[in-house]
Amino acid sequence: MPKYYLTTPIYYVNDVPHIGHFYTTVAADVLARYRRRRGDEVMFLTGTDENSQKNVEAAAKNGYAEIQPYLDMMSGRWRETWTALDISFDDFIRTTEDRHKKAVEKFWRAVEAKGDIYQGDYEGLYCAGCEAFVLESELVDGKCAIHKKEPNRLKEKNWFFRLSGYREKLLAHIDAHPEFIQPVGRRNEVRSYVDKFMSDVSISRESMKWGIPVPGDAKSVIYVWFDALINYLSGVGYGTDDAAFAKWWPADLHLVGKDIIKFHCALWPAMLLSAGLPLPRTVFAHGFFTVNGDKMSKSLGNVVDPKGVCATYGIDPVRYFLLREIGFGSDGDFSLARLAERYAGDLGNDLGNLLHRTLSMTEKYFAGKVPAPATGDTAAVWTAYEAAMDGLDFAAALDAAWGLMRDSNRLVDTEKPWVLAKTDTVRLANVMYTLLERLRQLSWLLEPFLPHIAPKIREQLGCAAAEQGKTWEQAKIWGGLPEGGTISKGEPLFPRLEEPKKA
RNA sequence: CGCGGGGUGGAGCAGCUGGAAGCUCGCGUGGCUCAUAACCACGAGGUCCUGGGUUCGAGUCCCAGCCCCGCAACCA
């Protein structure tokens, strides 16, 4: 059985999840569910990034005297959110866990042994108010924008990672493996960064107190990114479980937002090369979206809470919307008006109504029993769907499924079962079987996206138990719906919503 | 010259390696009645940002320019 290891970024716990985090996580969840159905053994890892100065500040702001209790509370909230939204993660890594610290220490030693860590001075502007280094470009009139104080020029001893030593190897890898960085626009962006701008980076801080101590230098803590990236290793046993690590690493896919592409496509692979570990097969960067046309930000007060939206529209419709509306890899807009349209149109009218009308006719003309199988061929739909999913083109995969739906609605119209019922019952049986069988197959194609709705479709088709034990390859064989099965029409899958929320 | 994305019918978007302009929604007309006021067909509607260039032929390639947006600054 092939293995498939995929990850989301680990999230900062200085705030609660918003719709953007949900987007990344849903995409990973869809893939995880898809790969499991395809028969892969899947490891889907997500988690929280806790060794950051930001978290320390957040703890203080929220009145916590100790940092760890705050982190425990917040990390718990993230985990609960994903659980409540039925994200099917297999493991949840926290960077304050012991297994992670062990992995980081082992990794540091490996890179150090390679001779890629050296000591140097880091000089920069330090704002006492922020307790952090600030950039020249962040200053307003030479003062910190937040604390209105002039920062001090400070010099501290830092450990540096010889990132520049991997420039040629990285370029060669990027060129030899077109699948390594996707989509292609991101690959070009990273390539030019690696080629022209990439320089050695400081990987420790003396001025920060919270973090994993540098092995052999207790006064310094490891820079948060150097620490955080290693979660992808510690989550599968690096430094703690050699057998598990050998099984899962390298990762098949890191899903990331476009903002952190350089960390994942330059720093991270260089770190791995240094430590003598294989590189992840693919890093895929998705886009960002605005909310109703505006940038999402706390100051604008338009940050969307995923639980809230899902409470109104349901988890499945929101999952569907995010991956259908916005091309994966492109930027887009999250609009409640569009969500309402997709809900009523694609889901209610095309899918829900197709199922409902088909079941009604089955009740009416065949007393609720599945008629004898008719011939049919949906191979092209599956082929298109699989190709799209393998390329992480979720919108195209859904298009393939919707094409079959639209064709089915058209079939009803052209065949007119209500006429056939009086003139040609053999043909009627063929039409009805075709519709029912297509719906059975659609339940499979839709399941990764609509994990709650798909089983309901099968229940209404009366084939839930029989389908449960099938493999993907068995499911796609035409004629899987057995003759004589009893359907059970239920409530509409996507009932009209009273008052669609205004955009 | 900080980095990047984009400008295609009313709205939102597809258009990969160049060869008769597509999709969804909305709108109009008609059809149907199995169905969640759902479904189906047809139709109206486009200087494919501008100006050059390459080519037998360019949304699709090259150059220049204009405009919008995201990142860079809590944030996928």
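## Residue classes and basis

Ala, Val, Leu, Ile, Met, Phe, Trp, Tyr, Cys and Pro count as nonpolar, Asp, Glu, Lys and Arg as charged, and the others, Gly among them, as polar. This is a predicted model, in which local features need pLDDT of at least 70 and side-chain atom pairs count only at pLDDT 80 or more, while totals for chains, interfaces and linings use all residues. Residues are numbered from 1 along each chain as its sequence is written, chains are lettered from A and ligands numbered from 1 in the order in which they are written, and side-chain values use heavy atoms, with hydrogens and water left out.

## The cavity

The structure holds one cavity of 30 Å³ or more. A cavity is a set of points, on a 1 Å grid over the protein atoms alone, where a 1.4 Å probe fits but cannot get out; lining residues have an atom within 4 Å of a point. A volume is the space filled by probe spheres set on the points, which are joined across faces, edges and corners.

The volume of the largest cavity is about 30 Å³. Its lining consists of G352, L355, H356, Q460, E491, P492 and L493, that is, three nonpolar, three polar and one charged residues. Helix α13 (residues 336–366) supplies the largest share of this lining, three residues. Helices (H or I, at least four residues) and strands (E, at least two) are DSSP runs, numbered from the N terminus.

## Nonpolar cores

A nonpolar core is a set of buried Ala, Val, Leu, Ile, Met, Phe, Trp, Tyr and Cys residues joined through side-chain atoms within 4.5 Å. Buried means under 20% relative accessible area, exposed over 50%, and partly exposed in between (1.4 Å probe, protein chains only).

The largest core has 93 residues, and F22, F334 and F449 have the most contacts inside it. Helix α1 (residues 19–38) gives the most to this core, with 10 residues. A second, separate core has 58 residues, including L170, I230, Y232 and L267.

Contact means heavy atoms within 4.5 Å.

## H100

H100 lies in helix α4 (residues 98–113) and is buried, with a relative accessible area of 0%. Leaving aside neighbours within four places in sequence, the contacts of H100 include R94, I212, D227, I230 and S234.

Terms used: On a 1 Å grid over the protein atoms alone, a cavity is a set of points where a 1.4 Å probe fits but cannot get out, and a pocket is an open set with protein on both sides within 12 Å along at least five of seven lines; lining residues have an atom within 4 Å of a point.
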